[in-house]
Amino acid sequence: MKLSALLLLLICGHKIRAKSPQERIVGGVELPIDVSPWLASISVHGNYSCSSALITSQWLLTAGHCVHYPDRYTVRAGSVSPEEGGDIREVERIILHPGFKLRTLDNDIALLKTKEPFQLGDNVQLVKLPLPGLGILPRTLLAAGWGTVNVNASDTEPRLRGTFVNVIDQRRCQRLYSRLGRPIRANMLCAAAAGRDHCYGDSGAPLVHHGSSYGIVSFAHGCADPRFPGVYTRLANYVTWIFNVLRS
């Protein structure tokens, strides 16, 4: 299934599938892995924790808050399940952005390096990066992941789900989150749609348009709350840092 088929499912099946907020990627549909072949699940001691995206056969991008504490991480690529199938690699190196702040989730980005590279193929591919500093964003982007129902839930979505979301005006998003006293900075972007959003546990997943990632799932207040859209790390602001890390 390609993106055109996914779009039909989301439009035609939305009223059936998205009535309940208990749908992890809220308002989404199940995806085959070849729709999002760059997506890889992150596990800690065998338990799913976050998502990530392959940018080389051995390096992945994720949210900083997913890996800010030292532990034994593994990543699984090429599977719609975070628990089986595909290929697993151990993480040998974690590089947090030097400006990462856990309290505010500013600079919420990290790089992972696996001990062994992944074998690229139909179900394991690389996501493209935007141009450094690119200020123009596509209107509609794909968010996908295995997130949980809410912050207290322990179960994960056993199958990959995805949905389309729209970029929200930055000033509007800043006004909305100012009610909570939460700053939305220039290195963040906001996206959502009516009844569609990422949810808890989708952290680290890429926000993609035509194979290029423009954001990383960072945080939100609730899930698909019309007052508070999902917030993503604005990836174009970090491309130079990423390339510098890879070169070093």
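In helix α2, Gln170, Cys173, Leu176 and Tyr177 are buried, where buried means under 20% relative accessible area, exposed over 50%, and partly exposed in between (1.4 Å probe, protein chains only). These residues lie on the same side of α2 because they cover an arc of only 125° around the axis, the arc being that of the directions from the helix axis to the C-beta atoms. In general, an α-helix has 3.6 residues a turn, so residues three or four places apart point the same way. The structure is a predicted model, in which local features need pLDDT of at least 70 and side-chain atom pairs count only at pLDDT 80 or more, whereas totals for chains, interfaces and linings use all residues. Residues are numbered from 1 along each chain as its sequence is written, and side-chain values use heavy atoms, with hydrogens and water left out.

The face of α2 turned away from the buried side carries the exposed residues Arg171 and Arg175. Arg171 belongs to this helix, which comprises residues 170–178; helices (H or I, at least four residues) and strands (E, at least two) are DSSP runs, numbered from the N terminus. With a relative accessibility of 64%, Arg171 counts as exposed. Accessible areas come from the Shrake-Rupley method with a 1.4 Å probe, and for residues only the protein chains shown count as cover.

A patch of positive charge on the surface is formed by Arg171, Arg172, Arg175 and Arg179. Patches are made of residues with over 30% relative accessible area and no salt bridge, like charges being joined within 9 Å and nonpolar side chains (Val, Leu, Ile, Met, Phe, Trp, Tyr) within 5 Å. Lys and Arg count as positive and Asp and Glu as negative, while His and the chain ends are not counted. The place of a charge is taken as NZ of Lys, CZ of Arg, CG of Asp or CD of Glu.

Side chains of opposite charge can pair when their charged atoms come close. Five salt bridges are found in a search of the whole structure, each defined as a side-chain nitrogen of Lys or Arg within 4 Å of a carboxyl oxygen of Asp or Glu. One of them joins the side chains of Arg72 and Glu90 (3.4 Å, N to O). This pair links distant parts of the chain, 18 residues apart: Arg72 is in the loop between β4 (59–62) and β5 (73–77), and Glu90 is in strand β6 (residues 87–96). Arg72 is partly exposed, with a relative accessible area of 46%, and Glu90 is also partly exposed, at 34%.

Another salt bridge is made by the side chains of Asp106 and Arg185 (3.4 Å, N to O). Here too the pair links distant parts of the chain, 79 residues apart, with Asp106 in the loop between β6 and β7 (110–114) and Arg185 in the loop between α2 and β10 (188–192). Asp106 is buried, with a relative accessible area of 9%, whereas Arg185 counts as partly exposed at 34% relative accessibility. A salt bridge also connects the side chains of Arg227 and Asp225 (2.9 Å, N to O). Arg227 is partly exposed, with a relative accessible area of 47%, while Asp225, at 16% relative accessibility, counts as buried.

Two residues other than glycine were noted for backbone geometry. His45 has a positive phi, near 55°, and is placed in the loop between β2 (39–44) and β3 (47–54). At 53% relative accessibility, His45 counts as exposed. Asn107 likewise has a positive phi, near 55°. Asn107 is found in the loop between β6 and β7 and is buried, with a relative accessible area of 12%.

Separations in sequence and in space were also computed for selected pairs. His221, in the loop between β12 (212–219) and β13 (230–234), is partly exposed at 37% relative accessibility. His221 and Leu180 are 41 residues apart in sequence and 9.1 Å apart in space, C-alpha to C-alpha. Tyr69 is placed in the loop between β4 and β5 and is partly exposed, with a relative accessible area of 32%. The C-alpha atoms of Tyr69 and Ile94 are separated by 9.9 Å, the two residues being 25 residues apart along the chain. Asp87 lies in strand β6 and counts as partly exposed at 32% relative accessibility. Between the C-alpha atoms of Asp87 and Val124, 37 residues apart along the chain, the separation is 9.2 Å.
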